[in-house]
Amino acid sequence: MNLISCHIENFGRLSNVDFDFNKGVNSILEENGWGKTTLAAFIRCMFYGLMGSRKKEYIENERAQYQPWNDGFFGGEITFEVSGKTYIIRRNFGKKDKDATFQLVDASTGLESRDYSDNIGEELFGVDRASFMRTSFVNHTSLRYEGISSAISAKVSSVSQRGDLENYDRSADKLTAYLNENSPTRKSGKLAKLNEDIKQLEYDLSVEEDTSRRIQELRERREEEEKKLQSFEAANRSIGEYNRLKSNADGLKCSIDSMPVSGNDRLEELDRLFANGVPVESEVQEHIGLNNNVQSLVQKNSSLDTMLIDETRAIEAEEARIQAFQIENDKKTKSKKLAGIGMLVAGIVLALTVLFLSGALKIIIPVLGAALIIFGIVVCMKAGKSSLPTEGVDKSRLNNIKKEIQTNETEIAKSQEQVAAFLGRFDMEYGNDAEALLYSIKSKAEEFESLKRGKREYDSKIAEMKAAYNEALVELNEYLGAHPELAGDGASHNEITTGISETQANIAAYDRQLDEAMEKLDEQEEKKDRLAAMKEEMAELKEHYDLVKKTSEYLRLSKERFVARFMSPIMTSFEKYHKIMVGTDAKDFIIDANMDISKKEEGQYHDIEAQSEGLADMLGLCIRVALLDTMYTKEKPFIVMDDPFSNMDEAKINGGKRFLDEISKEYQVIYLTCHKSRL
């Protein structure tokens with residue numbers, strides 16, 4: 001397999017960069033900071049995608065590390081040849097995983113190919129990302145040999161399609177984790193903890209007292225105290241009943257003595273006032289009404305007197321006006337009569353002159369004379385008539401007022417007589433204060449009735465209280481007769497009170513001790529149950545642990561036996577590359593069934609990590625390519641080397657160059673460095 005070219009649109013600090021690749025060694029010499037490691041990462045990510053996109057740590061999150069600096073298109077394309085066909089991978093890594101896109105194109109047709117999926121790295125190389133970085137991808141920071149994974153083992157043994165060894169690490173890790181978690185020897189192991197807990201429980205139970213016997217003793221003591229308390233309480237109830245009866249009798253006596261004296265003086269005073277009988281409210285109200293009527297009639301007559309005076313004055317004024325009018329009218333009548341007589345005389349004179357006239361005058365003058373005579377008669381007749389009534393002024397209204405005043409005075413006298421008679425029943429005289437006296441009688445009558453009711457209630461209450469007091473004395477004496485011990489000075493009562501307090505305190509103490517003992521008994525029973533459950537759990541867990549331990553051992557032996565068959569070709573390749581790079585045979589090195597490399601020195605084998613940095617790096621390169629030789633017997637993958645000789649001195653670098661020349665015969669190598677001397 002060979003890379004042909006790549007175009008980086010944007011990836012980390014690299015933008016719009018193109019590379020063409022040849023077979024053999026492709027050396028890329030650039031200064032530090034140019035982006036060599038970024039280029040190597042781009043090639044890896046085009047086949048395996050980005051790693052750790054959800055990781056918070058920047059160093060573990062390739063999406064965060066290689067986001068384009070210019071915020072442009074994140075990705076590019078790479079062209080490669082495998083099994084005689086040329087393909088183009090195009091990836092847009094996107095800002096998030098969900099935005100990422102993958103496309104595989106057949107370079108000969110330009111059409112999309114379905115030969116591989118976006119998991120193309122594992123499909124092409126037959127190993128996962130981690131295994132790829134342990135073999136074909138050589139980084140100067142992770143150059144040393146880190147052992148092999150199950151995927152590498154599977155690829156070495158050509159059984160990757162069955163997936164048995166690929167799952168070995170996961171299975172072995174799970175079994176180991178289970179054994180560590182449940183180990184009987186590790187302090188953190190569940191079996192060890194269970195064993196310690198069982199021992200502790202057994203010890204706790206062995207040293208604890210017999211709680212059941214302790215509970216029985218406490219119950220017996222409590223029963224004794226309970227009997228004492230019942231005896232004390234019975235005596236106390238007798239005393240309490242005696243005190244209740246005595247308190248009841250004393251209380252009734254005190255209530256009788258403290259009853260207020262009834263207002264007998266006032267009652268006697270009012271009794272004398274109403275010696276002739278207590279008026280009912282309607283009777284008092286009737287006389288109050290009569291008195292009010294008197295007041296009303298008096299006020300009314302006062303108004304009528306005013307009207308009488310006004311009416312008298314009006315009549316007198318009218319009579320004076322009529323008299324004056326009569327005198328004036330007599331004067332006018334006399335004057336009119338004289339004028340009428342004059343006209344009558346003149347008419348007669350003119351009528352007589354007819355005897356002396358002739359012609360037309362004889363007709364006119366008599367007519368004129370007749371007219372004067374008629375007019376004179378009319379004037380005389382009218383002069384005798386008067387425009388005023390001749391009967392005089394109307395005095396009926398005046399008489400009605402006088403009559404009404406008289407009627408009112410009669411009613412006033414009658415009402416006053418009735419009110420005076422009513423007041424006389426109570427030795428009170430009628431006067432201007434009659435209204436106040438009437439209301440006083442009403443108020444005192446109400447007070448008198450109230451006092452009489454109060455007196456009756458008071459007498460009834462006193463009688464009831466005295467009867468109750470007598471009954472209480474009888475009951476108290478009867479109780480004392482039945483309990484003569486209560487007639488003492490009270491010393492026994494104090495002893496009973498003290499005894500009750502002490503027995504109650506003792507019972508409370510026994511109750512607390514019983515509660516504690518019961519809790520302790522429950523704890524002991526719980527411990528016994530827990531101990532039985534823990535022993536059962538330990539037996540089951542021990543059986544399962546032994547089974548898992550045997551399974552883990554059988555699985556390890558199976559893997560070692562399986563892998564051991566492929567150790568020889570790996571060792572052969574390792575020895576070849578060791579000879580080329582170091583210049584000496586690798587006779588002191590061995591590779592065990594776990595593919596761990598160690599070197600014999602001074603009679604003991606030591607891990608290659610004990611070697612110097614430069615030598616350890618060289619051994620790491622040798623074993624990596626030895627693994628590739630065994631993993632890929634037909635089509636070889638490309639190898640990416642990011643400055644692998646940085647820890648080597650000049651002599652070792654020369655060996656490294658020979659190593660590059662040798663592996664480039666079978667592998668395409670992308671070699672990146674910042675030192676020309678390392679080319």
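A salt bridge is a side-chain nitrogen of Lys or Arg within 4 Å of a carboxyl oxygen of Asp or Glu. Keep that rule at hand for this tour of a predicted model.

**Stop 1: the whole chain**

Show the protein chain as a cartoon. It has 17 helices and 13 strands. There are 679 residues in the protein chain, and 38% of them count as buried. The accessible surface comes to about 39,700 Å², with 50% of it supplied by carbon and sulfur atoms. Take the contacts in the chain between residues at least 6 apart in sequence: 70% of these join residues at least 24 apart.

**Stop 2: a sheet of strands**

Select strands E1, E2, E4, E5, E6 and E7. These 6 strands form an open sheet, and its order is E2-E1-E4-E5-E6-E7 with antiparallel pairing. Which strands are at the edges? They are strand E2 (14-20) and strand E7 (111-112), each of which pairs on one side only.

Now move through the sheet pair by pair.

- Strand E1 (residues 2-11) and strand E4 (residues 75-82) are antiparallel and are paired over 7 bridges. Select Ile8 to see one of these positions: its bridge partner in E4 is Gly76.
- E4 and E5 are also antiparallel, with 8 bridges between them. Here Val82 has Lys85 in E5 as its bridge partner.
- E5 and strand E6 (residues 101-106) run antiparallel and are joined by 6 bridges.

Go back to the hairpin of E4 and E5, which has 2 residues between the strands. Select Ser83 there; this residue takes a positive phi near 55 degrees.

Helix H1 lies across E1, E2, E4 and strand E5 (85-92). The angle between this helix and E1 is about 105 degrees.

**Stop 3**

Salt bridges with shared partners join Arg44, Glu62 and Arg129 into one network. The count of salt bridges by the rule above is 27.

**Stop 3: a salt bridge within one helix**

Select helix H8 (residues 211-257) and show Asp250 and Lys246. Their side chains form a salt bridge with an N to O distance of 3.0 Å. How far apart are Asp250 and Lys246 in the helix? They are separated by about one helical turn, because they are 4 residues apart in helix H8. Asp250 has a relative accessibility of 43%, so this residue counts as partly exposed. Lys246 is partly exposed too, at 34% relative accessible area.

**Stop 4**

Now select Arg266 and Glu447. The side chains of Arg266 and Glu447 meet in a salt bridge at 2.8 Å, N to O. Arg266 is at 26% relative accessibility and counts as partly exposed. Glu447 counts as partly exposed as well, at 29%.

Stay with helix H13 and select Ile462, which is in this helix. Ile462 is at 13% relative accessibility and therefore counts as buried, since buried means under 20%. The C-alpha atoms of Ile462 and Ser255 are separated by 9.4 Å, although the residues are 207 apart along the chain.

**Stop 5: a nonpolar patch**

Last, show the surface and colour Ile341, Val345 and Val349. These residues form a nonpolar patch on the surface, and together they have about 240 Å² of accessible area. Val349 is in helix H10 (residues 281-352). With a relative accessible area of 44%, Val349 is partly exposed.

Conventions. Residues numbered from 1 in each chain as written. Predicted model: local features only at pLDDT ≥ 70, side-chain atom pairs only at ≥ 80, totals over all residues. Heavy atoms only, no water. Buried < 20%, exposed > 50% of the residue type's maximum accessible area, 1.4 Å probe, protein only. Patch = residues over 30% accessible without salt bridge, like charges linked within 9 Å, V, L, I, M, F, W, Y side chains within 5 Å. Areas by Shrake-Rupley, 256 points an atom, 1.4 Å probe, with all protein chains shown as cover. Pairing = 2+ DSSP bridges. Contact = heavy atoms within 4.5 Å. Axes fitted to C-alpha atoms, helices over the stretch in contact; angles between N-to-C directions.
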